[in-house]
Amino acid sequence: MLNIVLFGPPGAGKGTQSQKLIAKYKLVHLSTGDLLRAQIAEGTALGLQAKKLMDEGFLVPDEVVIGMIDSALEKNKQATGFIFDGFPRTVAQAESLDRLLAKHSTGVACMVALEVGEQELVKRLLERGKTSGRPDDQDEAKIRRRVQVYNTETAQVAGFYDVQQKFHSLNGIGEIETIFGQISDIIDQHPVAKAETPAAATKEVRA
Ligand code: ADP
């Protein structure tokens, strides 16, 4: 399996690059933000609880998103790999992801971080807010809070993957295609990704 973590602050371009990566590498896209918004749309109790936190720019509790990822992995047992977008956002989530993937005899190949400065993030998210309908994209104070939460709670997740020699960082400002090429190069050159042949993946599914 090829499991990639796409990392970076809100508005860095993770969603855009995820769409291109799933098409190229035939991965299943797991965005905790999308999964949470689906719960809100369905009007579930979980969605209701999450909405208040999301609208204000705070993280939802670890156990909520970890539970969602657990069931998504169970539902997609035939997948040849996953792209994790917006998850893990805390070290506790990163530890849980390793544990959950180990249950499926796999692990994270690499993390790719998209670096974008706060001014550009605010500009991009306010622009997205004009059409996305997301309350958290329409208020500068909420956007800045999300960036602050990223800096204080999420940025340290990079260190978790760095000690495992799986962390890579890229400039997230530039042409979408150029950045996509750079992410692809990292994935292709990654020893774990390379070592996993289709034959090994098939064996894993059968086991
Ligand atoms: P963005 O990257 O633009 O902030 P997301 O869709 O990834 O957008 O996340 C939107 C909101 O959903 C976050 O601000 C947070 O409240 C919640 N959320 C998403 N993923 C997680 C996560 N892994 N842990 C905790 N909260 C999350």
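Contact here means heavy atoms within 4.5 Å. The model shown in these close-ups is predicted.

**View A. Asp136 and its surroundings.** Asp136 sits in the loop that runs between helix 6 (118-132) and helix 7 (140-154). Setting aside neighbours within four places in sequence, Asp136 is in contact with Met54, Asp55, Lys142, Ile143 and Arg146. Its relative accessibility is 8%, so Asp136 counts as buried, the cut-off being under 20%. The side chains of Asp136 and Arg134 make a polar contact at 2.9 Å.

**View B. The largest pocket.** This pocket has a volume of about 950 Å³. Its lining comprises 46 residues. Nearest the centre of the pocket lie Pro10, Gly11, Lys14, Arg128 and Arg134. Elements that each give two or more residues to the lining include strand 1 (2-7), helix 1 (14-25), strand 2 (28-31) and helix 2 (32-42). By class, the lining has 18 nonpolar, 18 polar and 10 charged residues.

**View C. Residues around the ligand.** The ligand is surrounded by 19 residues. Closest are Thr32, Arg37, Phe58, Gln93 and Arg128.

**View D. Atom pairs at the ligand.** An oxygen atom of the ligand lies 2.5 Å from a backbone N or O atom of Phe58. For Gly86, a backbone N or O atom is 3.0 Å from a nitrogen atom of the ligand. Gln93 takes part through its side chain: an N or O atom there is 2.9 Å from a nitrogen atom of the ligand.

Methods:
Residues are numbered from 1 along each chain as its sequence is written. This is a predicted model: local features need pLDDT of at least 70, side-chain atom pairs count only at pLDDT 80 or more; totals for chains, interfaces and linings use all residues. Side-chain values use heavy atoms; hydrogens and water are left out. Helices (H or I, at least four residues) and strands (E, at least two) are DSSP runs, numbered from the N terminus. Buried means under 20% relative accessible area, exposed over 50%, partly exposed in between (1.4 Å probe, protein chains only). A polar contact is a pair of N or O atoms within 3.5 Å; within protein, one must be able to donate a hydrogen and the other to accept it, and residues adjacent in sequence count only if both atoms are side-chain atoms. On a 1 Å grid over the protein atoms alone, a cavity is a set of points where a 1.4 Å probe fits but cannot get out, and a pocket is an open set with protein on both sides within 12 Å along at least five of seven lines; lining residues have an atom within 4 Å of a point. Grid points are joined across faces, edges and corners, and a volume is the space filled by probe spheres set on the points. Ala, Val, Leu, Ile, Met, Phe, Trp, Tyr, Cys and Pro count as nonpolar, Asp, Glu, Lys and Arg as charged, and the others, Gly among them, as polar. A residue is near a molecule or strand if one of its heavy atoms lies within 4 Å of it.
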